[in-house]
Amino acid sequence: MPVDESEFFREMTLRICGSLDIEQALEQAFDYLQQQIPVDAMGLGYSDMASARIHVVAKVARRGARFVWNEASQEIALTDEMVEFQRVRAPVRPQVTMINRAEEQWRPLLRIFPGIESNSALFLRLDIRRAEV
């Protein structure tokens, strides 16, 4: 059944903005998203190129799903190769990047998240005051 884009955006926005607790908001958004599309896990984090780390803010997954990140860690170390990849790609990075096939996977990303090549992924760029976060 087709999803009404306006309703989907409204429902996701209500869930994301419905709590000041970011983990609770992510869980609510994840629960709704699972009703619309097949999804195993969702995470929120930001890359800090100065410290060469991805800082994990929140993450959620359906029961039995395989995480692509270490469950115990709130930071993911970036390789020098990934930092350079991000630096070169930053000026032309699209707002949304969708990866559905193994051949589309970014090689530097595969070294950070082993096993991700069999997954689809969606990356959203966040800009605040015209600066990428």
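This is a predicted model: local features need pLDDT of at least 70, side-chain atom pairs count only at pLDDT 80 or more; totals for chains, interfaces and linings use all residues.
Colleague: What conventions apply to the numbering and the values?
Modeller: Residues are numbered from 1 along each chain as its sequence is written, and side-chain values use heavy atoms, with hydrogens and water left out. Local features need a pLDDT of at least 70 and side-chain atom pairs count only at 80 or more, whereas totals for chains, interfaces and linings use all residues.

Colleague: Why is Thr97 called buried?
Modeller: Buried means a relative accessible area under 20%, exposed means over 50%, and partly exposed lies in between, with a 1.4 Å probe and protein chains only; Thr97 has 10%, and therefore counts as buried. Thr97 belongs to strand β4 (residues 96–99), and, apart from neighbours within four places in sequence, Thr97 is in contact (heavy atoms within 4.5 Å) with Arg89, Trp106, Ala121, Leu122 and Phe123.

Colleague: How do you know that Arg15 and Glu11 form a salt bridge?
Modeller: The term requires a side-chain nitrogen of Lys or Arg within 4 Å of a carboxyl oxygen of Asp or Glu; the N to O distance here is 2.5 Å, so the pair qualifies. Arg15 and Glu11 are about one helical turn apart, because they are four residues apart in helix α1 (residues 5–17). Glu11, at 14%, is buried, whereas Arg15, at 23%, is partly exposed.

Colleague: What makes the pair Glu75 and Arg53 a salt bridge?
Modeller: Their side chains meet at 3.2 Å, N to O. This pair links distant parts of the chain, with Glu75 in strand β3 (residues 75–77) and Arg53 in strand β2 (residues 53–61), 22 residues apart. Glu75 has a relative accessible area of 39%, and so is partly exposed, as is Arg53 at 29%.

Colleague: What makes a set of residues the largest nonpolar core?
Modeller: A nonpolar core is a set of buried Ala, Val, Leu, Ile, Met, Phe, Trp, Tyr and Cys residues joined through side-chain atoms within 4.5 Å, and the largest has eleven residues, including Ile54, Met82, Trp106 and Phe113. The elements giving two or more residues to this core are β2 and α4 (107–112). A second, separate core of ten residues includes Met12, Phe30, Val39 and Met42.

Colleague: How do you know that the span of α2 is close to the expected value?
Modeller: The expected span is 1.5 Å times one less than the number of residues; α2 has 15 residues, for which 21 Å is expected, and reaches 21 Å from its first C-alpha to its last. The buried residues of α2, among them Phe30, pack against α1, β1 (41–48) and β2.
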